[in-house]
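Colleague: I have a structure to go through with you. Shall we take it in short questions and answers?

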Amino acid sequence: MLLLTSMLHATELSTTDNHEKTDEATLSVFNRDIVVFRSTVLGMHPSERVLRAKARITQQLEVTGDHQAKAVVVAPGMLIQIDGAGSFYISPEDIDPYEQETLESVAENAVKALNQSLSEIRESHSLRSILHALGYAALASLVYVGLIWLLIKLRRVAIRKLLNFAHEKMAGLNDVGVLLLRRERINWVMRKVFQLLTWLIILLLSYQWLGVIMSQFPFTRPWGEHLNGYLFGLVLMLGGAILRAIPDLFVACVIFVLAKLFAKGMGHFFDLVQNRSIEIAWLDADLVGPTRRIAIIAVWLFALAMAYPYLPGSGTEAFKGVSVLVGLMLSMGASSLVGQAASGLILTYSRVYRKGEFIRIGEHDGTITELGMFSTRIRNGMGVELTLPNSYVLSSVTKNYSRVVSGDGFVVDTKVTIGYDTPWRQVQAMLIEAAHRTPGILPEPSPKVFQTALSDFYPEYLLVCQAIPTDPRPRAEVMNQLHANIQDVFNEYGVQIMSPHYLGDPEHEKVVAKSNWYKEPASPS
């Protein structure tokens with residue numbers, strides 16, 4: 001009886017030492033919950049009622065015999081008796097209305113749990129029952145060890161079979177280095193995956209083995225039942241959640257499939273426009289690429305917005321928290337990104353320039369190689385590729401040397417300053433002659449010379465001509481040849497290229513004699 005008394009006191013749950021502040025307390029017998037007290041009866045708080053009920057049950061169980069519990073109506077509540085003697089009282093205030101409980105159902109469940117505890121107490125005093133429990137526990141342990149051994153064996157066989165299969169597939173590779181690298185990587189990945197799966201299965205087997213072992217002994221049986229019930233409840237909950245999510249997931253998949261089909265149809269339409277099979281006034285072939293990207297992105301964003309309510313877990317607080325976090329990150333870090341994208345759209349649809357045109361942006365000039373949403377890439381005459389942010393391009397003055405020409409080509413211009421003592425007609429004629437001598441400069445339209453300014457000491461002459469973009473010479477080479485020919489022509493006609501700030505005229509004109517044009521190390525070739 002002393003052992004029984006200690007077991008009853010050891011199973012007390014959900015009680016506190018502060019009786020006045022305790023809202024409810026659970027009466028447990030032999031580790032099994034019997035009933036929850038939520039009200040004060042005859043001045044006794046729920047925790048005091050638990051202590052009194054335990055003392056009463058301990059006293060009743062000191063008498064040997066097959067004890068039996070039952071419920072008797074004692075208005076306004078129910079009295080639970082053991083062998084006809086009262087053990088504890090259940091009042092109407094002990095009922096939890098939120099769980100749709102009734103006084104009768106609570107009393108019936110309490111009697112059922114108490115009778116099961118009484119049966120387990122009798123079983124704990126039976127040597128035969130203890131031996132049976134030990135036998136079942138030993139058998140369960142043997143099965144547990146055998147399953148783990150079989151699992152390890154199966155893991156080794158599966159890894160060996162899969163590795164042999166992968167090595168056979170890779171045997172046709174010629175690159176030895178790549179072959180060794182891939183083989184080592186596949187070996188490592190497969191071993192890690194199988195190791196993870198093995199430990200996961202061992203964890204589940206251990207959990208189930210522990211529940212089975214604890215269920216064999218009366219004192220720990222409630223804990224084992226709780227473990228098994230929790231695992232099965234978790235599996236049922238996950239399975240039910242998956243089954244409930246299937247219709248919504250099907251709707252989301254249908255939305256994404258329709259979006260994919262619509263995007264594919266739009267891609268075919270844009271291909272026809274780009275190939276000029278279809279002529280549309282508001283969409284040029286040059287704008288098909290960016291318009292395609294924008295339209296497809298808009299379709300997928302719309303599909304995501306439509307499918308969002310049907311995604312599993314979209315209504316949970318975790319999903320909402322992740323959405324808020326993503327929105328906050330985008331609002332804090334994407335302001336410059338959005339500005340660059342907006343600038344790219346403005347530049348694209350305002351048709352400031354096109355791919356392949358020669359432009360000058362600020363201090364940079366070159367041929368456009370790529371029109372991006374966030375940046376523009378140009379390649380200058382030296383072959384260097386420059387990446388310019390679209391916001392910088394939009395805020396700078398852009399000179400397009402390809403847009404104003406008639407037909408193919410781009411504009412080439414250069415400026416010289418000659419003194420007032422040189423006839424301007426002669427200067428114009430010499431510049432035009434130098435342009436005609438330059439390979440890559442088109443004869444039609446013919447080069448033209450403009451006097452752009454009459455400065456204090458000299459007029460400024462601007463030579464404008466048109467070059468061929470398809471010629472392999474880069475613009476820098478064309479300009480180099482043009483400048484060389486200008487110097488040669490001016491030397492031939494005895495005109496010095498200088499911008500004099502007058503202190504006095506030189507005795508002789510500063511020109512290079514034709515005989516000295518090819519001084520060493522220069523050569524005519």
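Modeller: Let us start with Ile34. This is a predicted model. Setting aside residues up to four places away in sequence, Ile34 touches Leu27, Ser28, Val29, Phe88, Ala110, Ala113, Leu114 and Ser117.

Colleague: Which element gives the most residues to the largest nonpolar core?

Modeller: That core has 27 residues, and Ile34 is among those that touch the most other members, along with Leu27, Ile57 and Phe88. Elements giving two or more residues include strand 1 (25-29), strand 2 (32-37) and helix 2 (46-61). The top contributor gives nine residues, and it is helix 3.

Colleague: How many residues are in another core, apart from it?

Modeller: This other core includes Tyr401, Tyr461, Leu463 and Ala467. Its size in residues is 25.

Colleague: In strand 13, what is the bridge partner of Val416?

Modeller: Strand 11 (residues 410-417) is mostly covered, with six of its eight residues buried. Eight bridges join strand 11 to strand 13 (residues 459-467), and the two run antiparallel. Across this pairing, the partner of Val416 is Tyr461.

Colleague: Which residue in the turn between strand 6 and strand 7 has a positive phi?

Modeller: Strand 6 (residues 358-361) and strand 7 (residues 364-371) run antiparallel, joined by four bridges. Arg360 stands opposite Asp365 in strand 7. The two strands form a hairpin with two residues between them. The phi is about 65°, and the residue is Gly362.

Colleague: In strand 10, what is the bridge partner of Ile361?

Modeller: Strand 6 also pairs with strand 10 (residues 398-400). Three bridges join them, and they run antiparallel. The partner of Ile361 is Thr398.

Colleague: Is Thr198 buried or exposed?

Modeller: Thr198 lies in helix 5 (residues 176-216). Its relative accessible area is 6%, and buried means under 20%. Therefore Thr198 is buried.

Colleague: How far is the backbone oxygen of Phe194 from a polar atom of the side chain of Thr198?

Modeller: First, the contacts. Leaving aside neighbours within four places in sequence, Thr198 is in contact with Leu151 and Arg155. Phe194 brings its backbone oxygen to a polar atom of the Thr198 side chain, at a distance of 2.6 Å.

Key: Residues numbered from 1 in each chain as written. Predicted model: local features only at pLDDT ≥ 70, side-chain atom pairs only at ≥ 80, totals over all residues. Heavy atoms only, no water. Pairing = 2+ DSSP bridges. Buried < 20%, exposed > 50% of the residue type's maximum accessible area, 1.4 Å probe, protein only. Polar contact = N/O pair within 3.5 Å; in protein donor to acceptor, adjacent residues only side chain to side chain. Contact = heavy atoms within 4.5 Å. Core = buried A, V, L, I, M, F, W, Y, C linked by side-chain atoms within 4.5 Å.
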